[in-house]
Amino acid sequence: MTDTPILYSFRRCPYAMRARLALLACGPVVELREIVLKDKAPEFLAVSPSTTVPCLVLSDGTVIDESLDIMVWALEQNDPNKWLEPEEGSRTAMMELIAENDGPFKRHLDRYKYDTRYEGANKLEEREGASRFLRKLDAQLSSSGWLFGARASLADYAILPFVRQFANSGRDWFESEPWEHLITWLVRFEKLYEFSAMMPKFDKWEAGNAPVFFGKS
Ligand SMILES: N[C@@H](CCC(=O)N[C@@H](CS)C(=O)NCC(=O)O)C(=O)O
């Protein structure tokens, strides 16, 4: 085993996206192993308790299996942009908003985006359920452009990949809704250097492949 942590990831997964955003901001270079969810590598299945991505394996064998824990692990080592210390509000308030995203909003998002996979799901009702959270975000963004003040914080980067997934499930409708601060926030995120640096195409990983490194070097 090398000193470089290993990140099992999937490019389009919003949980993996937020983990990669934090790793990119904080500095630790990781070996990125792209997992195909329909054909998970046995090495990944052997280390990941949840068999979900992202999963970070440290050089001492510690496994961090939750995306938010990966973000906090990276930020607690180095937090150059003070994501853990929001300009307004508190870390507890950020965690509460992220929990709302990961809980009720994500549930509505899945049932809106993949309504045919969920028995009894009504696409429009799910969209409305998700929209209640989005209107709350829009109000929170209205004063200074980010969720907790005039600069981005952990909450922005933990939630943005999910809002992007929601928006892309019906972009014309999303952009026609009267949540202008939300649209501005999302579009600004998509134009950031960090966004494109976090989204390069990765080939599926297989044991024996040359390592692919990800992060600031
Ligand atoms: N709570 C986990 C959830 C991660 C998760 O659900 N990831 C999805 C991909 S977006 C996954 O790996 N699903 C497993 C599968 O589809 O087999 C985290 O925050 O890391």
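Which pocket is the space taken by the ligand?

Modeller: Happy to! This is a predicted model, so local features need pLDDT of at least 70 and side-chain atom pairs count only at pLDDT 80 or more, while totals for chains, interfaces and linings use all residues. Residues are numbered from 1 along each chain as its sequence is written, and side-chain values use heavy atoms, with hydrogens and water left out.

The ligand takes up the space of the largest pocket. A pocket here is an open set of points on a 1 Å grid over the protein atoms alone, where a 1.4 Å probe fits and protein lies on both sides within 12 Å along at least five of seven lines; lining residues have an atom within 4 Å of a point. A molecule sits in a pocket if more than half of its atoms lie within 2 Å of its grid points. The largest pocket holds about 850 Å³, a volume being the space filled by probe spheres set on points joined across faces, edges and corners.

Its lining has 32 residues, with Arg-12, Cys-13, Pro-14, Leu-37 and Gln-165 nearest the centre. Helix 1 (14-26), helix 3 (67-77), helix 4 (91-113) and helix 6 (154-167) each give two or more residues to that lining; helices (H or I, at least four residues) and strands (E, at least two) are DSSP runs, numbered from the N terminus.

Now to the ligand itself. Around it stand Cys-13, Tyr-15, Leu-37, Lys-40, Thr-52, Val-53, Pro-54, Asp-65, Glu-66 and Ser-67, each with a heavy atom within 4 Å. By class, this shell has five nonpolar, two polar and three charged residues; Ala, Val, Leu, Ile, Met, Phe, Trp, Tyr, Cys and Pro count as nonpolar, Asp, Glu, Lys and Arg as charged, and the others, Gly among them, as polar.

Polar contacts are pairs of N or O atoms within 3.5 Å. Polar side-chain atoms of Lys-40 and Ser-67 each come 2.6 Å from a ligand oxygen, and a polar backbone atom of Val-53 lies 2.9 Å from one. The protein covers 71% of the 510 Å² of accessible area that the ligand has on its own (Shrake-Rupley method, 1.4 Å probe).

Pro-54 belongs to the loop between helix 2 (42-47) and strand 3 (55-57).

Definitions and conventions
A polar contact is a pair of N or O atoms within 3.5 Å; within protein, one must be able to donate a hydrogen and the other to accept it, and residues adjacent in sequence count only if both atoms are side-chain atoms.
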